[in-house]
Amino acid sequence: MGQKNTGFEIRADQRQSWQSIALVWAGGMICVPCLMIGGVLVGGGLSFAQIVLSILLGYGMICAYMIFIGMQACDTGLPVSVMASGALGEKGARYIISTILAIACVGWFGIQSAVCGSAFASMGATMLGHEAASATAVAICSIVWGTIMLVTACVGFKGLKWLNYIAVPALVVVCLYGIIASMVKNDGGAVIAAYNPQVSSGLVFGMSMVVASFALGGLISADYCRFARSRGDVVKSSILGVIPAGLFMLLTGGVMSIVTGQYDISAILASLGVPFFGLIALVLATWTTNVTNAYSGGLALSNLLGFDESKFKLTTAIAGAVGTLLAAFGVLGKFQAFLSLMSAVLPPLAGVIIANYWIVSKGKKELFQIQEGVYAPGLIAYLVGAFVACLTGGTFASFPGLAWLNVPFFVGPVNGIIVSLVLYTVIVKAAKK
């Protein structure tokens, strides 16, 4: 089997219960971006029924490929970076996954820094008696908090895990308070009952936004699911860990957005009269998540550039600095475009990994082989799948110079997975013949 020389092996005593793995996914779902995506669905004019259906179908799709990748990881004990080398080759997997992780982590770092800066600026404006924070104040606060998060990631902050223990429960409390405040303030119950948008971006738009919220998590699920005790445990942990928590967070963001008419979560909380504690909780939750984004982005950049881990502080600093600049220059305003890009380029990678193991290797670990160098069939299938996902999912429409490359059809991420999966299978079988 191709994994014999990888150095990865999971012992029986390292295996975890499905409940433990499910809690990892649930914890990942309880985050600020999920609240914001709930607001994006409302901003897209989706009805309540469409919002719920988008969440269930979107996360259902994520769970589908997450389960196949997770079961392979459970069988082989391999992380996704090694599993992908079966379809893309060792160098191909390294370059593609590192590039995608670097882009995703830097983008999320910028967005979360902007959210944190916006929340802090809103707090300052409220304390000074102003109705709203100025764009300059938001930019300055974004740079300040981006720098704080970056220094924390580079130097290390032992208290961060304790902050996380405080931040996640505090964010849940803020969500519950936000729902109650939505009902009380401005007769929120009546506003929600009367919610009936006339123009909707449609179910496909909703599904794409939901998929983007956890597309990266679904892809790297192998890194956690390889510790599962059985394939059945992978299925249970994926479905029960992702869908309930995701449904709660997105609906919470959606309800608050309906009452306030915006999806910037810091502005939503400020307009609902959420107390100082709530905005502090938002800052803490963003901080703890964003340090991970900077660290992971730095490691991905190191891997891409061929550096060893000793230089990760330098690459982490570069990744975080780029993210901080994005925050200062208004990346939050391009949140939807970023989500569209993530929903297009991540799922097709799952397509080639699944095709390689479940179709070509027939789901048997003894048939799974790691390819050397760059494996052309996987690279071609992935690039074509990602292009089709961008073409049909509206990704190009988010970028002015490429808007003419917009051919809406079905659901872009689904199209990308199907194309990459089928094309990989066809090319490999044709090559064998």
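This is a predicted model: local features need pLDDT of at least 70, side-chain atom pairs count only at pLDDT 80 or more; totals for chains, interfaces and linings use all residues.

Colleague: Good. How many salt bridges does the structure hold?
Modeller: There are three salt bridges in the structure.

Colleague: Which residue pairs with Asp75, and how far apart are the closest N and O atoms?
Modeller: Asp75 pairs with Arg231, and their closest N and O atoms are 2.5 Å apart. That pair links distant parts of the chain, since Asp75 belongs to helix H3 (residues 48-76) and Arg231 to helix H12 (residues 231-260). The two residues are 156 residues apart.

Colleague: Nice. Is Asp75 buried or exposed?
Modeller: Asp75 counts as buried because its relative accessible area is 19%, under the 20% cut-off.

Colleague: What does Asp233 bridge to?
Modeller: Asp233 forms a salt bridge with Lys236, with 3.5 Å between the closest N and O atoms.

Colleague: And where do those two sit along the helix?
Modeller: Both are in helix H12, three residues apart, so about one helical turn separates Asp233 from Lys236. Asp233 is buried, with a relative accessible area of 11%, while Lys236 is partly exposed at 37%.

Colleague: Which residue does Arg11 pair with?
Modeller: Arg11 forms its salt bridge with Asp13, and the closest N and O atoms lie 3.1 Å apart.

Colleague: Are Arg11 and Asp13 buried or exposed?
Modeller: Arg11 is partly exposed, with a relative accessible area of 46%. Asp13 is exposed, because its value of 60% is over the 50% cut-off.

Colleague: Remind me, why can such side chains pair at all?
Modeller: Opposite charges are the reason: such side chains can pair when their charged atoms come close.

Colleague: Changing topic: which residues form the nonpolar patch on the surface?
Modeller: The patch is made up of Leu305, Phe307, Leu314, Ile318, Val322 and Leu326. Together they have about 490 Å² of accessible area.

Colleague: Which helix gives the largest share of the patch?
Modeller: Helix H15 (residues 312-328) does, with four residues. Leu326 is found in helix H15.

Colleague: How exposed is Leu326?
Modeller: Leu326 is partly exposed, with a relative accessible area of 34%.

Terms used. Residues are numbered from 1 along each chain as its sequence is written. Side-chain values use heavy atoms; hydrogens and water are left out. Patches are made of residues with over 30% relative accessible area and no salt bridge: like charges are joined within 9 Å, nonpolar side chains (Val, Leu, Ile, Met, Phe, Trp, Tyr) within 5 Å. Accessible areas come from the Shrake-Rupley method with a 1.4 Å probe; for residues, only the protein chains shown count as cover. A salt bridge is a side-chain nitrogen of Lys or Arg within 4 Å of a carboxyl oxygen of Asp or Glu. Buried means under 20% relative accessible area, exposed over 50%, partly exposed in between (1.4 Å probe, protein chains only).
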